[in-house]
Amino acid sequence: MPEFTAPRPEGTVAEVPPPPRWAVRAAHASALSATAGFIPLHAVWALGIPLWADEQAFREWYEVGGGPYLFVLSGMALLAGVLAVSLVRPWGLVFPGWTPFLAGRRVPRRTLTATAYVVSVFLLLYTVWAAVQLFRTFDDEGIFSPWTVVYGIPQFLVWGIGLYIAAHSYRHRTSPRH
């Protein structure tokens with residue numbers, strides 16, 4: 001695999017080793033979990049379809065802002081998928097030509113790494129919280145079927161762990177001491 005190049009502030013070019021195969025797989029698994037795993041069900045709900053939900057409770061929740069909330073969550077999941085892939089692609093080092101005002105500039109290494117770590121830790125903490133809530137309230141009547149959480153826990157684990165692994169690889173590969 002060819003090495004990526006990233007411009008240095010003084011105009012020289014730094015060689016950045018390509019991501020290892022395991023990091024690429026982790027990034028792609030994270031991105032797929034964020035997009036193909038999360039977005040479809042949330043998009044169905046955002047459109048007002050109470051799939052695997054208590055219809056009356058869903059309608060009440062939806063009418064007070066549930067739809068826009070779900071569209072925002074889906075947009076954030078899409079951004080998280082792009083974040084994961086950026087950690088293993090050349091455009092995670094240098095902004096691509098189609099990005100206004102940033103094209104050709106170096107991607108801030110620490111900003112990208114910190115964002116990926118923070119998002120992955122948040123996802124993993126949310127997964128632990130959801131698992132605890134699931135066991136505490138599985139039989140409670142809520143808006144959504146508790147089985148959606150059973151589906152969500154492994155999906156969020158893949159998303160969070162994959163993002164963390166890709167961020168770790170990116171940080172190591174792009175370190176000035178590397």
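**Figure 1. Ser120 in helix α3 of the predicted model.** Ser120 lies in helix α3, which covers residues 109–137; the coordinates come from a predicted model. With a relative accessible area of 0%, Ser120 is buried. Beyond its neighbours within four places in sequence, Ser120 is in contact with Gly160, Leu163 and Tyr164. One of these contact residues, Tyr164, is also listed among the members of a nonpolar surface patch.

**Figure 2. Thr148 in helix α4.** Helix α4 comprises residues 147–174 and includes Thr148. The relative accessible area of Thr148 is 14%, and the residue is therefore classed as buried, the limit for this class being under 20%. When neighbours within four places in sequence are set aside, the contacts of Thr148 are with Leu41, Trp45 and Trp52.

Figure 3. Helices α3 and α4 each provide at least two residues of the patch. The most is given by α4, which supplies four residues. Ile161 belongs to helix α4 and has a relative accessible area of 42%, so it counts as partly exposed.

**Figure 4. The negatively charged surface patch and Asp54.** A surface patch of negative charge is formed by Asp54, Glu55, Glu60, Glu63, Asp140 and Glu141. Within this group, Asp54 is placed in the loop between α1 (21–46) and α2 (55–86). The relative accessibility of Asp54 is 38%, and the residue is accordingly partly exposed.

**Figure 5. The protein chain as context for the close-up views.** The chain contains four helices and two strands, arranged along the sequence in the pattern β-β-α-α-α-α. Taken along the principal axes, its C-alpha atoms fill a box of roughly 60 × 35 × 25 Å. The chain has 178 residues, of which 40% count as buried. For contacts between residues at least 6 apart in sequence, 66% join residues at least 24 apart. The accessible surface of the chain amounts to about 10,700 Å², and carbon and sulfur atoms account for 67% of this area. The chain carries 13 positive and 10 negative charges, whose mean positions are 24 Å apart.

Note on methods. Residues numbered from 1 in each chain as written. Predicted model: local features only at pLDDT ≥ 70, side-chain atom pairs only at ≥ 80, totals over all residues. Heavy atoms only, no water. Buried < 20%, exposed > 50% of the residue type's maximum accessible area, 1.4 Å probe, protein only. Contact = heavy atoms within 4.5 Å. Patch = residues over 30% accessible without salt bridge, like charges linked within 9 Å, V, L, I, M, F, W, Y side chains within 5 Å. Areas by Shrake-Rupley, 256 points an atom, 1.4 Å probe, with all protein chains shown as cover. Salt bridge = Lys/Arg side-chain N within 4 Å of Asp/Glu carboxyl O. Lys, Arg positive; Asp, Glu negative; His and termini not counted. Charge placed at Lys NZ, Arg CZ, Asp CG, Glu CD.
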